[in-house]
Amino acid sequence: MSQTALMSILLASPLIGFLINGFRRKHHSANVSGIIASVAVFISFVAAVLFWLELQGMAPESRSILVNYGSWMNVESLSINFGFLVDPLSSLMILIITGVGFLIHVFSIGYMHHDKNVAKYFAYLNFFIFNMLILVLGDSLVTLFVGWEGVGLASYLLIGFWFTDKEKASAGMKAFITNRIGDAAFLIGMFIFFVSFGTLNIQELNALAPTVAESTWLGVATLGTLFLFIGATGKSAQIPLYVWLPDAMAGPTPVSALIHAATMVTAGVYLIIRMNPVFLAAPNTMMVIAIIGVLTVVLAASIGITQNDIKKVLAYSTVSQLGYMFLACGVGAFTAAFFHLMTHAFFKALMFLGSGSVIHAMHEEQDIRKMGGLKKYLPWTHLTFMMGWLAILGTPGFSGFFSKDEILWMSWHSPLGHWSLWALGALGATMTAFYMTRLMALTFWGKSRVPKEIHPHESSPIMLFPLVVLAILSVVGGYVGIPHVIGAILPGHPENILAGWLGNIVKPIPGITEADAAMEWTLMGVSVGLATISAFIAYTLYVNKQEAVQSFTNKIKPVYELVYKKYLVDELYFGYIINPLVRLSENIWAYIDVRFIDRCTYWAGDLMKGGGSFVRSLQNGNLQSYAMYIGLGLVLTLTFVMMR
Amino acid sequence: MILSTLVFLPVLFALILALWPQKNMIRPMALVFSLIHFAVGLIVFQDFDTSTAQLQFVEKHMWIEKFGIQYFLAMDGISFWLVQLTTFLAPLIILASWNSISEKVRGFHICFFILQSAMLGSFLAFDAILFYVFWELSLIPMYFIVGIWGGSRRIYATLKFFIYTMAGSVLMLVAIIYMMYLTQQAFGQMSSNLLDFYKLSIPFIGSDFFSMQTLLFFAFALAFAIKVPLFPLHTWLPDAHVEAPTPGSVVLAGVMLKMGTFCYMRWVLPLFPEASEYWAWIFIMLGVIGIIYGALVAMVQPDIKKLVAYSSVSHMGYIIIGLFVMNHQGLQGGLYQMLNHGISTGALFILIGMIYERTHSREISQYGGLASVLPNFTIFFFIITLSSIAVPLTNGFVGEFLILLGVYKASPWAAGFAVTGVVLGAAYMLWMFKRVFYGEKGPLVADEKHPLIDLNVREFVILVPFVIMVFVMGIFPNHFLKYSEASIDYLVKNKSSYQLTIKGEQ
């Protein structure tokens, strides 16, 4: 099959699914809509696999397939094509998107079974997949931006899916507008690159940018990448634009799994990896990315400890884990960032779907204080959720271990890294272990606190199947990227497959030295040890000694409250930016528009009216007056002429 | 003869309507007429040569010999799409007025067709006096449309509209006459031919505000700025829009505002190149202020129509900055944004008209939960909203992107401020959308006695062309851009020696 045809199938399939379900949105059968949508994504998945196989068959240096559908915008030197690029990086991304996406579609069939607007739901879901594919495959920043805004739109629609609830509609709006702030910066970033390099094609930028390697703050590469990074903080929920993601949990839970954990929110990370040669040319930007990343890790993890809504905990966890990916990018470890993106897609999608199963079982109850002991009722959900928990903890052998360890090690070892980055990262890992164990303990373990009227029940097989597949991936997904130091002691010395696969995409960090194996083992031991201790403490506290927790939080009440209320960042934004802006707008409307400009025009109008009546009074029909005016005029004119 | 046909066919239509005996046939006839007019407009597609900046379909006859005033119509890449936009919107506007104009139907359609003539005339005229006649003529039917079929404060709004625009026009007339006098001096024969105006070299001294070119530049620019409207001359617009009947608002936003921005491209930039360049900063600054100011004020409007009116101020600001940076992307983007604004804001006013016909209110706070009652209406409104906030693959994105890129090339700071409009635009539109369509049902929506009915066939027929245009222009912009490419390339490269020639003439 020709590559163009394959690409067309890949992209068109979810689009057609969207249109079919969109036009039959009044139908209520979850099975029919769900099957249409799932099949659409599955076809894309098959196409993605075929692309991947095709790349496999090529020589490593030439692994790239460009499908160009022709020109989109052409104005003088600006020329943008509908070009889509499959290379080792984007081929893996589309596998994740369509693969995990397919599982989540299947899960949704069960989860959304009772919803009236299920066809609309699946239409939006397919629309999202379509845009995500465009984002990932787009060969220029502008095509990428099409998907970038498109996924934001899908996210807006899905967060506000139950729009009769004002809160949910607001959450969607908040997500879109916050993202738009990032998008505006993204636009500026594009303009900087276009003016400096004369192109917006990503491949060409990657080739051109290293020629301007710079150390200043105002250089082209630095400014351009900084603006793109601001765009990334919007989409990928980093400081300071992360505030929309926790609210985004208002959407149906599978949406949280697909969009707000596995795929869309990783777009910012993907962008940086995609353009890694450009970012490497701007060390200052890299530093900013690493710092923002690690701060987000710690900030979000600390909030995660205090939250009681199962989805909110997972949401802050996602923000925090995305922080790790940015940390990795910031220290130049792009492979590690991608690795974590992938493993996180598995285990976080798993846990979100698991939470969906729990919420389903609990009849829409999301407060973990009202759960406990669910292990008994939901054995499969518990078992699969536990795999996700072990993975995110970084338990040796599970997928999250390999990727997180790699990031922590690189943040220490890379010439762009620093010991403090490692320390904060390790602190984040410790906190992660705590809040995730707390979540497990409060939800599944210990005594049941389930209200009497609720009878939890295990979910249907159609929902459990995706959980099982994702659980398996969460366990074994890490074996494609076994770090060198571990591979060295394993039988057969397995290679880091992922690093090999991405070898031609990811630029090596300049000035990186040979790894010190002993040091690497030590750091790994420290972070794993800290996480274990932390998980153990959380387990003891939340399974057996909840009174102790209560009395402790009472003791540090002000601090606890502050964290519980998310450091009041939302209040800060509203109190100091949004509300003043609205008040300002009201005032400029009332004072400048109505009272000032309009008044001025009335005044001008009156003046004209006055002038008119003055002129009218001159035309009094009296011949003598006219003669006088003529005389006066003559005198004035003559005076004027003589004065010159 | 095609251009004369295009311009005067509506007058003929108006005459027929005036004389036709049966009253109940007026609407269907007007609709058929407008479709014929649109079809006639399509003829120019065939013969239009996109490879040249020269004037095409030229019609030139001496009108008043003594003053060198000519009847001179011609088309080039700059006016091509605006003419198409004007004829494209007409049948849709007539359909949209089907129910909302229930009194003096005949009079309304006569006014409307005369307005069409006047607007087309001002796009196509290449003689200053002829242009001025059309320009002024367009005011009169609009005055009646708002004044007779408008809302409760219509007299106030029409007066404001009239005085504002007249004030600008008078200055322009003085400038035109002065330029005719200059042609007399330069060529020995007075002429109001625009091509002769282009040949003038008008003295310009940057430091001297009273140098001839600067004065003439401001006389023209002010007249057009009022029409656009450019901040701070915009306050007539919200009142006019709120009081105008739906079709009036659509013509006003869809086409009449573009007469202002179009004339910057046709008159101001090529006639006064040095002054335009020297004083560009004022217009870029006012444009940027307009973008932000319009968006902020739109955000806090309680009336949905006023919100869209202020959003026009914001969108027109984009066009102005695009034009004044004088590069390819800016000008092409500006021209494109003129079409976009015609489509998206035109459609928004029609949509607002549709909901107003059902509820007789435009108070945002009285709505809520409309999406669950009128799902089809919601989808259309949402798509047009996306176009208005420039989501990629809709028409709005192409225009905004090109403009901002062009502006960035000329002035990164201006682009930096203008780009906030991208955020604010999403904010005011989506906030409005949320309050009107989402949440619990508001008093107007929940009213049991008057259940709201979703779109009927007529309304579908009106809205579908808009939606098609939104996506066609968003996905295939090259097909549109190529028509203006040669003209804009010529304008950018020869702005200080702008000498349009007539195709086929040497």
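Me: What does chain A average for pLDDT, and what share of the residues score at least 70?
Reply: Chain A averages a pLDDT of 89, with 96% of the residues scoring at least 70; pLDDT is the predictor's confidence in each residue, on a scale from 0 to 100. This is a predicted model, in which local features need pLDDT of at least 70 and side-chain atom pairs count only at pLDDT 80 or more, while totals for chains, interfaces and linings use all residues. Residues are numbered from 1 along each chain as its sequence is written, and chains are lettered from A and ligands numbered from 1 in the order in which they are written.

Me: Which element of chain A has the lowest mean pLDDT?
Reply: Among the elements of chain A, that is helix H26 (residues 623-643), with a mean of 68, whereas helix H11 (residues 267-274) has the highest, 95. Helices (H or I, at least four residues) and strands (E, at least two) are DSSP runs, numbered from the N terminus. Where pLDDT is low, the predicted coordinates should not be read in detail.

Me: And what is the mean pLDDT of chain B?
Reply: Chain B has a mean of 90, and 100% of its residues reach 70 or more. The model scores ipTM 0.93 and pTM 0.93.

Me: How many helices and strands does chain B have?
Reply: Chain B has 23 helices and two strands. Its radius of gyration is 22 Å, close to the 23 Å that the globule rule gives for 506 residues, so chain B is as compact as a globular protein of that length; the radius is taken over C-alpha atoms, and the rule is 2.2 Å times the number of residues to the power 0.38. Of the 506 residues, 60% count as buried, meaning that 20 or more other C-beta atoms, placed from the backbone, lie within 10 Å of the residue's own, while 12 or fewer make a residue exposed and anything in between partly exposed.

Me: How do the strands E1 and E2 of chain B run?
Reply: Strand E1 (residues 56-64) and strand E2 (residues 69-75) of chain B run antiparallel and are joined by six bridges, where pairing requires that DSSP finds at least two bridges between the strands. His61(B) stands opposite Tyr71(B) in E2(B). E1(B) and E2(B) form a hairpin with four residues between them, and Gly68(B) in the turn has a positive phi of about 65°.

Me: Switching to the interface, how many residues does the contact take from each chain?
Reply: The contact takes 40 residues from chain B and 40 residues from chain A; two residues are in contact if their C-beta atoms, placed from the backbone, lie within 7 Å. On the side of chain B that touches chain A, the largest share, eight residues, comes from H20(B). The residues of that side divide into 27 nonpolar, ten polar and three charged, with Ala, Val, Leu, Ile, Met, Phe, Trp, Tyr, Cys and Pro counted as nonpolar, Asp, Glu, Lys and Arg as charged, and the others, Gly among them, as polar.

Me: Is H20(B) mostly covered or mostly open, and what follows it?
Reply: H20(B) is mostly covered, since 15 of its 18 residues are buried, and Gly439(B), whose phi is positive, near 80°, follows the helix.

Me: What about H14(B), how many of its residues are buried?
Reply: In H14(B), 21 of the 21 residues are buried, so this helix is largely enclosed by the rest of the structure. Just after H14(B), Met326(B) takes a positive phi of about 55°.

Me: Where is Met469(B), and is it buried or exposed?
Reply: Met469(B) lies in helix H22 (residues 457-475) of chain B and is buried, with 22 other C-beta atoms within 10 Å. Leaving aside neighbours within four places in sequence, Met469(B) is in contact with Ile343(B) and Asn395(B).

Me: Which peptide bond in chain A is cis?
Reply: The bond from Ile239(A) to Pro240(A) is cis, with omega near 5°, and Pro240(A) is found in the loop between helix H8 (220-235) and helix H9 (244-247) of chain A. Ala237(A) is found in the loop between H8 and H9 of chain A and has a positive phi of about 55° although it is not a glycine. Most residues other than glycine have a negative phi, and most peptide bonds are trans.
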